[in-house]
Amino acid sequence: IAAAASGTDDKAAAEIEQAAERAVGRGGPAAAARALERAAQLSSEPAVRGRRLVAAARAAYDAGQLDRALELAAAGAAQVDHPGDAAEAAWVRAQVAYERSSPAEASALALAAAAPVVSTDPVRAVAVLTEATWCARDAGDVDLLRRCAQRLRSVRDGPALLVDGLAGFTTLLDGDVAAAVPPLRRLVFAARDGGMDGTGER
């Protein structure tokens, strides 16, 4: 399909995107990245093109193609009109930064990535902020940990146990053991008793 199509062709783009999803399911992220990039090229609507470029960036990252992931994320971010797509593009950048630069930079980028979706997509926001918290921990940056806790507490309608537990974790690393223990205890007990659904994990 991709080889035969030229110009814009939304039907062909949709078919190629579906093929990319199957490639991901078969464990072929590199092939998925190529297909999604081609689907984006064939897309007539800028926002759809941007979404597919961001998806291609995610697949490229998963394939270990870090430079390509950054290029695709930047191209996609310039065209998307949905906060979730913007957050995903920024999240890819944060994950590349962790591998290429420093945990501190990755944490700051992840904090920025969560901003567009804190009020619109709390589950995604918590997932990104979870990563920001772990990056700040790895960096040993107390100020970043405080910012992570503050942002986590601003998430409404998110998974309350996880939000409170992560905020408690940052409070613990900040030295306030008494305030940190209760939310961490609730999170641990919920995980032990099967009360967690894996929210916050990619």
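Mentor: One term before we start. A residue is buried under 20% relative accessible area, exposed over 50%, and partly exposed in between. So Arg 51, at 31% relative accessibility, counts as partly exposed. Keep in mind that this is a predicted model.

Trainee: Okay. How many helices and strands does the protein have?
Mentor: There are 10 helices and 0 strands. From the N terminus on, the elements run α-α-α-α-α-α-α-α-α-α.

Trainee: And what does the C-alpha trace span?
Mentor: About 65 × 35 × 30 Å along its principal axes. The protein has 202 residues, and buried ones make up 43% of them.

Trainee: Back to Arg 51. Which residue does it form a salt bridge with?
Mentor: Glu 17. Their closest N and O atoms are 2.6 Å apart. Arg 51 lies in helix H3 (residues 46-62) and Glu 17 in helix H1 (residues 10-25), so the pair ties together parts that are 34 residues apart in sequence.

Trainee: Is Glu 17 buried or exposed?
Mentor: Buried, with a relative accessible area of 12%.

Trainee: Why would such side chains pair at all?
Mentor: Side chains of opposite charge can pair when their charged atoms come close.

Trainee: How many salt bridges are in the whole structure?
Mentor: A search finds 10. Take Arg 58 and Glu 88, which form one with the closest N and O atoms 2.8 Å apart. That pair links distant parts of the chain: Arg 58 is in helix H3 and Glu 88 in helix H5 (residues 83-100), 30 residues apart.

Trainee: Are those two buried or exposed?
Mentor: Arg 58 is buried, at 9% relative accessible area. Glu 88 counts as buried too, at 11%.

Trainee: What else does Glu 88 form a salt bridge with?
Mentor: Arg 124, with the closest N and O atoms 3.3 Å apart. Arg 124 lies in helix H7 and Glu 88 in helix H5, so this pair ties together parts 36 residues apart in sequence. Arg 124 is partly exposed, at 26%. Shared partners then join Arg 58, Asp 62, Glu 88, Asp 121 and Arg 124 into one network of salt bridges.

Trainee: Which ring does the charged end of Arg 58 sit over?
Mentor: The ring of Trp 91, 5.7 Å from its centre.

Trainee: New topic. How many aromatic pairs are there?
Mentor: The count comes to 1. Trp 134 and Phe 169 form it, edge-to-face, 5.2 Å centre to centre with 80° between the planes. Trp 134 lies in helix H7 (residues 122-139) and Phe 169 in helix H9, so the pair ties together parts 35 residues apart in sequence.

Trainee: How covered are they?
Mentor: Trp 134 is partly exposed, at 33%. Phe 169 is buried, at 17%.

Trainee: What else lies in helix H9?
Mentor: Thr 171, for one. Thr 171 is buried, with a relative accessible area of 14%. Its side chain makes a polar contact with the side chain of Arg 153, at 3.1 Å.

Trainee: And where is Leu 172 found?
Mentor: Also in helix H9, which covers residues 160-173. Leu 172 counts as partly exposed, at 32%. Together with Val 177 and Val 181, Leu 172 forms a nonpolar patch on the surface, with about 200 Å² of accessible area together.

Technical notes. Residues numbered from 1 in each chain as written. Predicted model: local features only at pLDDT ≥ 70, side-chain atom pairs only at ≥ 80, totals over all residues. Heavy atoms only, no water. Patch = residues over 30% accessible without salt bridge, like charges linked within 9 Å, V, L, I, M, F, W, Y side chains within 5 Å. Areas by Shrake-Rupley, 256 points an atom, 1.4 Å probe, with all protein chains shown as cover. Salt bridge = Lys/Arg side-chain N within 4 Å of Asp/Glu carboxyl O. Helix = DSSP H or I, 4+ residues; strand = E, 2+ residues; numbered from the N terminus. Buried < 20%, exposed > 50% of the residue type's maximum accessible area, 1.4 Å probe, protein only. Phe/Tyr/Trp six-rings, centres within 6.5 Å; stacked < 30°, edge-to-face > 60°. Lys NZ or Arg CZ within 6 Å of the ring centre and 35° of its normal. Polar contact = N/O pair within 3.5 Å; in protein donor to acceptor, adjacent residues only side chain to side chain.
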